[in-house]
Amino acid sequence: MSQVVLSLKDVTIYQENKVILSQINLEVCHGEFLYIIGKTGTGKSSFMKTLYGDLPLTEGEAHFVEYDLATLQEKDIPYLRRKIGIVFQDFKLLPDRSVSDNMLFVLKATGWVDPAEMQHKIDEVLDKVGMKGFANQMPHQLSGGEQQRVAIARALLNDPELILADEPTGNLDPQTSAEVLEVLKSINSLGKTIIMATHDYALLMKFPSKTLKCEDGAIFEVVQKTV
């Protein structure tokens, strides 16, 4: 039986005392690729923020990569985030430093000290996303798709158990979006669990996988062909 990496039981998500999603019951197993879909404002980002500790969980039971989200302390959040990789819509690369130095910044911030080990890890993750030849480029010299590939590489640096991708193709054209999805799918094929929020229905048709939909304050599984 596959290891459960996310378990939610009777979870209700609030933002500023307003119910965003209620009565969520969900299990995600190691190695799954899961889409979270829904219109803007239906709770996709709130769902993701709850998982990475940006929104406190006040109702229900939730266990995520061995952390109890209901009892999560502020001091635990950095350690939770080291067990997951997060990919955002707007890349969040540091504009004043090269691709390699963006990676170095994260490694140093998470406790790496050996220069040779850090360089090896940077080469490894950039190679996985097809960006090894871009290590010395500045973010502004890269296309949107290239920047997102770098952001995915950054998310892989600490060998996370799971990747949360929050609208990772939201700022990209259809062809580039498909290329980024191929990168995420290839990472998933190596055993990484991926939860991806998106409103890009064309991608779902091209790269079908288990899909949950946020709608009317609820989240439920949908059959791919009816999306």
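Where does F91 lie? Hi everyone, let's start there. F91 sits in the loop between strand 6 (84–87) and helix 3. Before I go on, please keep in mind that this is a predicted model.

So, is F91 buried or exposed? Buried means under 20% relative accessible area, and F91 comes out at 11% relative accessibility, so it counts as buried. If we set aside the neighbours within four places in sequence, F91 is in contact with G144, Q147, Q148, A151, R154 and L172. Have a look at N171 as well: it is 80 residues away from F91 along the chain, yet the C-alpha atoms of the two are separated by 9.4 Å.

Helix 3 covers residues 99–109 and helix 4 covers residues 115–128; their axes come within 10 Å and cross at roughly 120°. That angle makes helix 3 oblique to helix 4, and the crossing is right-handed. Which residues of helix 3 meet helix 4? They are V99, S100, M103, L104, L107 and K108. On the helix 4 side, you will find M118, Q119, K121, I122, V125 and L126. Sorted by class, this contact has 8 nonpolar, 2 polar and 2 charged residues.

On to the sheets. Please find strand 3, residues 33–37. How many of its residues are buried? The count is 5 of the 5, so strand 3 is largely enclosed by the rest of the structure. Both of its faces are covered, with F33, Y35 and I37 buried on one side and L34 and I36 buried on the other.

What does strand 3 pair with? One partner is strand 8 (residues 193–197), in the parallel sense over 4 bridges; there, M196 is the bridge partner of Y35. Strand 9 (residues 210–215) also runs parallel to strand 3 and is joined to it by 4 bridges, with K210 in strand 9 as the bridge partner of L34. As a quick reminder, strands of a sheet pair through backbone hydrogen bonds, either parallel or antiparallel.

An open sheet of 4 strands has antiparallel pairing and the order 2-1-4-5. Which strands stand at the edges? Strand 2 (18–29) and strand 5 (67–68) do, each with a single partner strand, so one side of each is left without a neighbour in the sheet. Further in, strand 1 (residues 4–15) pairs with strand 4 (residues 59–64) over 5 bridges in the antiparallel sense, and L6 has F64 in strand 4 as its bridge partner. Helix 1 (residues 44–51) packs on this sheet and touches strand 1, strand 2 and strand 4, with a direction about 120° from that of strand 1.

Last stop: helix 1 in its own right. Helix 1 is mostly covered, with 6 of its 8 residues buried. Those buried residues are K44, S46, F47, M48, T50 and L51. Just after helix 1, G53 takes a positive phi of about 85°.

Definitions and conventions. Residues are numbered from 1 along each chain as its sequence is written. This is a predicted model: local features need pLDDT of at least 70, side-chain atom pairs count only at pLDDT 80 or more; totals for chains, interfaces and linings use all residues. Side-chain values use heavy atoms; hydrogens and water are left out. Axes are lines fitted to C-alpha atoms, for helices over the stretch in contact, and angles run from 0 to 180 degrees between N-to-C directions. Helices (H or I, at least four residues) and strands (E, at least two) are DSSP runs, numbered from the N terminus. Angles under 35 degrees count as roughly parallel, over 145 as roughly antiparallel, 65 to 115 as roughly perpendicular and the rest as oblique. A crossing is left-handed if the near helix is turned anticlockwise from the far one by less than a right angle, and right-handed if clockwise. Contact means heavy atoms within 4.5 Å. Ala, Val, Leu, Ile, Met, Phe, Trp, Tyr, Cys and Pro count as nonpolar, Asp, Glu, Lys and Arg as charged, and the others, Gly among them, as polar. Buried means under 20% relative accessible area, exposed over 50%, partly exposed in between (1.4 Å probe, protein chains only). Two strands pair if DSSP finds at least two bridges between them.
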